Amino acid sequence: MAETVRETIKKIIRNHLKKKKGKVFGQCLTAVGWVGGTLPELYEKDGMIELSMADVAGGGIVTGSALMKNRPIYVIRYQGFNWYNAPMIVNYAAKSKEIWNTPCPVFVRGIGMEGAIGPVAGSSHHSLYFRMPGVKIVSPMTPGEYKKIYKSFMSEEEVYYVSEHRGSFNNKKELIDDITGTKDFVIIAISITRFQAIEAKKKLEKKGYKIGIIHILWIKPFKISKKALKCVSNSRFGGIIIDDDYVDGISNSLANKVNHLTNKKIFTMGLSDKSAGFHKKVDNLPPNADQISNKILGILNNAKK
Amino acid sequence: MDKKLRIKVFEKASLCRNFEINAFNYSKNRTIKIPIYLSAGQEFTPATLSTLIFNKKIKPLIFAQHRCHSTYLSFGGKIENLIVELLGNYRLSNTRGMGGSASIYSKEIKMYGHDGHMGTQVPIGIGACFTSRKPTIVFMGDASAEEDYVLGALGWASVKKLPILFIVEDNNLSILTEKKVRRNWHMHEVARSFKMRGYDLNDNPKEIYKYQKYFFKEPMLLNINTNRLFWHAGAGKDSDEIFDRYLNEKKYLGSIGERIDKKIKQKVDEIWRKQLEKL
């Protein structure tokens, strides 16, 4: 029977601690819920290390552990905490190999979610890592993708920022690109928006449009197949990058890249440029299927004029 | 502390002092073009610590930040490599020109590089010590010690009872802002409040010697009051009134001190000269 993303992560962590003798660091790991059920019930003697609530220092302690070739996994329960957790990861761990030829690989699990949880706990904040050299950024949403990126991390010497999302934890299915044939328009989706992008595609296809979809796992380095790029360049009206972060970061940057590679107009859509509140009227959620399809319809209508 | 040991410490301090005088001069005449952070005046802290620690047959992990030339030299770093680093030679430098004065790195002496953010070596050193369980020494300045993440990390090191020694090289200055302007508390008291040993002392080797029995048994912090002879960065002097431990020790050792200083000065000048020729 297929396993969920949650079960996959839990299994990987257990293996990392028990077989690889690695360490997992974080705050309040051994609390109720065990980080959305993604951690096995293990403790400090097993390598599950509770950090204090000193956020910035915690990232430094993990970096020091990585210097000792321990390949630590660093759990950040809400991606917004990265504003205080990331400084030493990006300024030391990520640069150590380049500056001192001393690898310092850390597997950072940044966990996104949203809905009535405010501006810090809400949404993905992966753009925060994007400008720094030495960091690889991935956003796995399926069991197969998660296994693939863990394997890749264990065979390399880099810092991985793994942009997770609680909305994917129950997912069992692999997500497949649709890049065959000539499309009117192509959706390039990142993180949790990939699920709503699939729904938006269905809505638009019902209206008679041919919509392609490209699922992005590798954000940095940005990995997109030649076939996928060809699908965009052969499309009638270009494409759109959808993200669970503000567009002034990864989305706009990748849109620029895809634009250069395909010579097509690439639009972006992500969080609104405002802080998230707690009431639903003032929340800031990632684009849903209706919003995505409406935005694309607008683009297509304009293009036809 | 017997005289033999004190002479040993002085020899190391002399190496550091004569190195720094050369660095000062070559910076002043622009042979060294990058910013440098001279440790002249503060040599006796690393010189004494390394002598005592090596006597115990311990080779600790070392974490430091800027103003660490004397740390590197005292713990056995190659003088030739440090010269190359300061001269920014891409081909010969340990870090291919990436390190500079503020980020000395040496695999041979287990000294880890620094990222440029003051005090980050404290949590990073603690993480390395926690995972490896190896004796670890972390140097910081009195200004770095004020970083919030330093304080949070010290608390965690205390909880985990790590074999770690924190050294605050307290020259009373953050660039030129005195400690009393910045805070009304003391690092050795902070350490004690975190339930670790914390002591306030000066950089007289005899003083530092008193605490060696506690090294690496559990976390301990020594706030060592010292003096920076030169500017925060670069080749300049803030005042001629600054107490100089090196001259004090040389005077105490009398003709032996004079002889050591002369001999080591010749040796260090010669190494600088040869390295400059090579480059």
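In which loop of chain A is the place of Pro221(A)? Select Pro221(A) and look: the loop runs between strand E9 (218-220) and helix H10 (226-234) of chain A. Helices (H or I, at least four residues) and strands (E, at least two) are DSSP runs, numbered from the N terminus.

Before moving on, a word on what you have open. This is a predicted model, where local features need pLDDT of at least 70 and side-chain atom pairs count only at pLDDT 80 or more, while totals for chains, interfaces and linings use all residues. Residues are numbered from 1 along each chain as its sequence is written, chains are lettered from A and ligands numbered from 1 in the order in which they are written, and side-chain values use heavy atoms, with hydrogens and water left out.

**Stop 1: all of chain A**

Zoom out and colour chain A by secondary structure: there are twelve helices and eleven strands. Its radius of gyration is 20 Å, close to the 19 Å that the globule rule gives for 305 residues, so chain A is as compact as a globular protein of that length. That radius is taken over C-alpha atoms, and the globule rule is 2.2 Å times the number of residues to the power 0.38. Along its principal axes, the C-alpha trace of chain A spans about 65 × 45 × 40 Å. Of the 305 residues in chain A, 60% are buried. Buried means under 20% relative accessible area, exposed over 50%, and partly exposed in between (1.4 Å probe, protein chains only).

**Stop 2**

Select Asn263(A), in the loop between helix H11 (250-262) and strand E11 (266-271) of chain A. Asn263(A) isn't a glycine, yet has a positive phi of about 65 degrees. With a relative accessible area of 70%, Asn263(A) is exposed.

Then hop over to Ile175(B), which is found in the loop between strand E5 (173-174) and strand E6 (177-178) of chain B. Ile175(B) has a positive phi too, about 55 degrees, although it is not a glycine.

**Stop 3: rings**

Show the side chains of Phe, Tyr and Trp. Rings (for Trp, the six-membered ring) pair if their centres lie within 6.5 Å; planes under 30 degrees apart count as stacked, over 60 as edge-to-face and the rest as tilted. How many aromatic pairs does the structure hold over all chains? There are 24.

Pick Phe54(B) and Phe75(B) to begin with: their ring centres are 5.7 Å apart and their planes at 85 degrees, so the pair is edge-to-face. Phe54(B) lies in helix H2 (residues 44-55) of chain B and Phe75(B) in the loop between helix H3 (69-74) and helix H4 (79-87), so the pair ties together parts that are 21 residues apart in sequence. Phe54(B) is partly exposed at 28% relative accessibility, while Phe75(B) is buried at 3%.

Tyr199(B) sits in strand E7 (residues 197-202) of chain B, and Tyr211(B) twelve residues away in the loop between helix H9 (205-209) and strand E8 (220-225). Both tyrosines, Tyr199(B) and Tyr211(B), are buried.

Back in chain A, select Phe107(A), Tyr146(A), Tyr150(A), Phe153(A), Tyr160(A) and Trp218(A), which ring pairs link into a cluster. A charge sits over a ring if NZ of Lys or CZ of Arg is within 6 Å of the ring centre and within 35 degrees of the ring normal. In chain B, Arg183(B) lies over the face of Trp185(B), at 4.6 Å from the ring centre.

**Stop 4**

On a 1 Å grid over the protein atoms alone, a cavity is a set of points where a 1.4 Å probe fits but cannot get out; a pocket is an open set with protein on both sides within 12 Å along at least five of seven lines, and lining residues have an atom within 4 Å of a point. Grid points are joined across faces, edges and corners, and a volume is the space filled by probe spheres set on the points.

The largest pocket has a volume of about 510 Å³. Of its 20 lining residues, select those closest to the centre: Lys69(A), Thr102(A), Pro103(A), Tyr105(B) and Lys107(B).

Finish at the largest cavity, with about 50 Å³ of space. Its lining includes Gly26(A), Tyr74(A) and Phe81(A), and E3(A) gives the most, with three residues.
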